[in-house]
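Student: I am new to this structure. Can we go through it piece by piece?

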Amino acid sequence: YGKMSCFGGGPNFCPECGNVLPLPGIPDVVCCPGCSFRIPVSEFSGQEIRSAVVFNPVEQAPVSQDEEDSEMKGPVIDRRCSHCNKEGMIYHTRQMRSADEGQTVFFTCIHCRYQEKEDS
């Protein structure tokens, strides 16, 4: 099998480079994916190997009236809506791109609730 290691480590880690070892399979050796160090499967005998996948539950909070009307809060400016052609839009800004670029301005019409954005 390859060279013998002079370092010790946990049974799930390569004693040469510290990478996580793959689970033993059909071949009679476990080969490290990082440094190709090889360990005979016989060295794993007597060890119980378990794995589990745990998914976090998706929690959906009920939408409150405040959250529904949050888009209608903010300063009103004299800007004509491109959808209903009426004057008056509420705006808010967010930093959507990298810090060295301008903010994105989101506009909401107070009449028809049409939303548009502008990169500044």
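Student: Where does Cys32 lie?
Tutor: Strands carry the letter E. They are DSSP runs of at least two residues, numbered from the N terminus. Cys32 lies in the loop between E1 and strand E2 (38-40).

Student: What pLDDT do local features need?
Tutor: Residues are numbered from 1 along each chain as its sequence is written, and side-chain values use heavy atoms, with hydrogens and water left out. This is a predicted model: totals for chains, interfaces and linings use all residues, side-chain atom pairs count only at pLDDT 80 or more, and local features need pLDDT of at least 70.

Student: Is Cys32 buried or exposed?
Tutor: Buried means under 20% relative accessible area, exposed means over 50%, and partly exposed is in between (1.4 Å probe, protein chains only). Cys32 has a relative accessible area of 2%, so it is buried.

Student: Which residues does Cys32 touch, not counting those up to four places away in sequence?
Tutor: Contact means heavy atoms within 4.5 Å. By that test Cys32 touches Cys14, Cys17, Asn19, Leu21 and Phe37.

Student: Where does UniProt place the feature "binding site"?
Tutor: The entry is unreviewed. UniProt positions follow the numbering used here, feature names are shortened, and annotations may be inferred rather than shown by experiment. The record names Cys14, Cys17, Cys32 and Cys35.

Student: Why do they gather at one spot?
Tutor: They span 22 residues in sequence.

Student: Which residues is Cys17 in contact with, leaving aside its neighbours within four places in sequence?
Tutor: Cys17 is found in the segment before strand E1 (29-31). Its relative accessible area is 41%, so Cys17 is partly exposed. Its contacts are Cys32 and Cys35.

Student: Which residues make up the largest nonpolar core?
Tutor: In soluble globular proteins, nonpolar side chains tend to be buried together. A nonpolar core is a set of buried Ala, Val, Leu, Ile, Met, Phe, Trp, Tyr and Cys residues joined through side-chain atoms within 4.5 Å. The largest has six: Cys14, Leu21, Val30, Cys32, Phe37 and Ile39.

Student: Which residues does a second core include?
Tutor: This core is separate and has five residues. Among them are Met89, Val105, Phe107 and Cys109.

Student: How many aromatic pairs are there?
Tutor: Rings of Phe, Tyr and Trp (its six-membered ring) pair if their centres lie within 6.5 Å. Planes under 30 degrees apart count as stacked, over 60 as edge-to-face, and the rest as tilted. The count comes to one.

Student: Are the rings of Tyr91 and Phe107 stacked, edge-to-face or tilted?
Tutor: Their centres are 6.5 Å apart. Their planes stand at 45°, so the pair is tilted.

Student: How many residues apart in sequence are the parts that this pair ties together?
Tutor: Tyr91 lies in strand E4 (residues 87-94). Phe107 lies in strand E5 (residues 104-109). The pair therefore ties together parts whose separation in residues is 16.

Student: How far from the ring centre of Phe107 is the charged end of Arg79?
Tutor: A charge sits over a ring if NZ of Lys or CZ of Arg is within 6 Å of the ring centre and within 35 degrees of the ring normal. Arg79 sits over the ring of Phe107, and the distance to the centre is 3.8 Å.

Student: What joins the side chains of Thr104 and Asp119?
Tutor: Thr104 is in strand E5. At a relative accessible area of 3%, Thr104 is buried. A polar contact is a pair of N or O atoms within 3.5 Å; within protein, one must be able to donate a hydrogen and the other to accept it, and residues adjacent in sequence count only if both atoms are side-chain atoms. Thr104 and Asp119 are joined by a polar contact of 3.1 Å.

Student: What separates the C-alpha atoms of Lys86 and His111?
Tutor: Lys86 is in the loop between strand E3 (76-80) and E4. Along the chain, Lys86 and His111 are 25 residues apart. Their C-alpha atoms are separated by 7.4 Å.

Student: What is the phi of Asn85?
Tutor: Most residues other than glycine have a negative phi. Asn85 is found in the loop between E3 and E4. Asn85 is not a glycine, yet its phi is positive, at about 65°.

Terms used: Helix = DSSP H or I, 4+ residues; strand = E, 2+ residues; numbered from the N terminus.
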